[in-house]
Amino acid sequence: MGFQLSNEHLFVDIAAVGDYKGTRFDWSGFITGITMREGNHSFCVPESLKSGEGTGGLGLCNEFSLKEAIGYEDAPVGGQFPKLGVGLLTRTDAASYQFYRNYPLQPYRIDAEVRNEQNIVFTVHPKNCGGYAARLEKSISLDRNRLRIEYQLSNTGTREIRTEEYNHNFLGIDGQPIGPDYNLQFPFAIEAWTDEPGTMDGLRIDGGAVAWERVPDKPFYFHIGGYSTCASPWLWDLKHRPSGAGVREISSFPVYSAAVWGMGHVVSPEMFIRIELQPGESKKWSRVYEFYREP
């Protein structure tokens with residue numbers, strides 16, 4: 001059984017530790033549903049609508065080490081390497097690390113403390129793996145129409161931790177398909193590029209606005225540049241025009257890299273933060289989402 005936070009504006013559903021069993025996303029604070037009371041608007045959708053397809057993403061779920069897993073290159077075949085927020089994974093062959101693969105897993109111990117109806121705190125306890133070890137604390141709280149996720153990562157091992165973290169925001173407002181009814185806005189002129197030919201077909205980018213000419217019939221993905229000069233109090237804003245419902249991320253951390261991924265039912269703006277911690281060091285950061293409805 002999972003957890004639910006609520007106030008006069010929002011309901012937030014959070015999975016119980018272990019409900020998600022994959023080796024990609026952080027098991028702590030896995031947010032599966034968000035409903036805004038005004039208009040009963042929902043925001044979270046699954047990565048895929050087909051059972052068994054994809055990596056099990058749903059709603060707001062974060063991931064460490066998308067591109068390069070900590071300690072993977074040092075681990076022999078059959079040896080373990082850490083995936084923060086998940087556990088110790090086993091390297092099964094000589095191939096490069098691939099985030100979408102499921103690796104044999106020894107999960108971390110994760111505790112959940114419900115402090116009140118608007119706040120829950122998860123603690124991921126460290127476990128040494130070749131000198132790498134880290135303690136992760138994640139607080140999820142509500143303040144009016146805002147959802148706040150606070151992180152503190154502490155290097156408890158003997159080796160430096162170098163990685164990145166982002167939230168894979170699987171969003172689809174009221175289950176409505178992504179298409180001409182949506183607008184995704186960034187507060188800067190987008191510099192977009194992709195390594196996958198055809199993945200931006202049907203997309204229109206004008207300054208900081210992303211629009212769709214039609215409902216996508218295949219996945220889309222592109223990288224974003226231009227955020228380094230951005231001084232706005234928000235990072236992106238997704239609005240479903242017919243309903244007026246929307247969500248914006250108003251996090252304040254330095255953006256390391258950014259991208260947008262999606263399919264016909266889901267769009268995910270992804271804002272990355274860089275983490276470099278020497279033994280004994282800690283880093284705090286937060287993500288804040290504001291949900292709204294305009295006439």
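In this predicted model, the largest cavity holds about 100 Å³ of space. Its lining is made up of Gly198, Thr199, Asp201, Gly202, Leu203, Trp212, Arg214, Pro216, Asp217, Lys218, Pro219 and Phe220, and these residues of the largest cavity divide into five nonpolar, three polar and four charged. The structure holds two cavities of 30 Å³ or more, and the second largest cavity contains about 40 Å³ of space. The residues that line the second largest cavity are Leu84, Gly85, Tyr108, Val124, His125, Pro126, Ala134, Leu136 and Leu153; seven of the residues in this lining are nonpolar and two are polar, while no charged residue takes part.

Pockets, which are open, were examined in the predicted model as well. The largest pocket has a volume of about 440 Å³, and of the 21 residues that line this pocket, Arg24, Phe99, Glu196, Tyr221 and Trp261 are the closest to its centre. Strand S13 (161-169), strand S18 (220-225) and strand S21 (257-263) each contribute at least two residues to the lining of the largest pocket. By residue class, the lining of the largest pocket comprises eight nonpolar, six polar and seven charged residues. In the second largest pocket, the space amounts to about 270 Å³, and Glu68, Ala69, Ile70, Gly71 and Arg162 are, of the 14 residues that line the second largest pocket, the closest to its centre. Strand S13, which also supplies at least two residues of the lining of the largest pocket, gives the most to the lining of the second largest pocket, with three residues. The lining of the second largest pocket divides into four nonpolar, two polar and eight charged residues.

Turning to the sheets, strands of a sheet pair through backbone hydrogen bonds, either parallel or antiparallel. An open sheet of 10 strands is arranged in the order S9-S10-S11-S12-S23-S20-S19-S14-S17-S16, and its pairing is antiparallel. Strand S9 (110-116) and strand S16 (203-206) stand at the edges of this sheet and have a single partner strand each, so that one side of each is left without a neighbour in the sheet. From one strand to the next, the twist of the 10-stranded sheet averages 15°. Within this order, strand S20 (residues 245-249) and strand S23 (residues 282-293) run antiparallel and are joined by five bridges, and glutamate 249 stands opposite tyrosine 289 in S23. Leu203, which belongs to the lining of the largest cavity, falls within the residue range of the edge strand S16 (203-206).

Strand S6 is joined by four bridges to strand S7 (residues 87-90), and the two strands run antiparallel. In the pairing of these strands, leucine 88 in S7 is the bridge partner of proline 82.

Technical notes:
Residues numbered from 1 in each chain as written. Predicted model: local features only at pLDDT ≥ 70, side-chain atom pairs only at ≥ 80, totals over all residues. Heavy atoms only, no water. Pairing = 2+ DSSP bridges. 1 Å grid on protein atoms, 1.4 Å probe; cavity = no way out; pocket = protein on both sides within 12 Å on 5 of 7 lines; lining within 4 Å. Points joined across faces, edges and corners; volume = space filled by probe spheres on them. Nonpolar A, V, L, I, M, F, W, Y, C, P; charged D, E, K, R; others polar. Axes fitted to C-alpha atoms, helices over the stretch in contact; angles between N-to-C directions.
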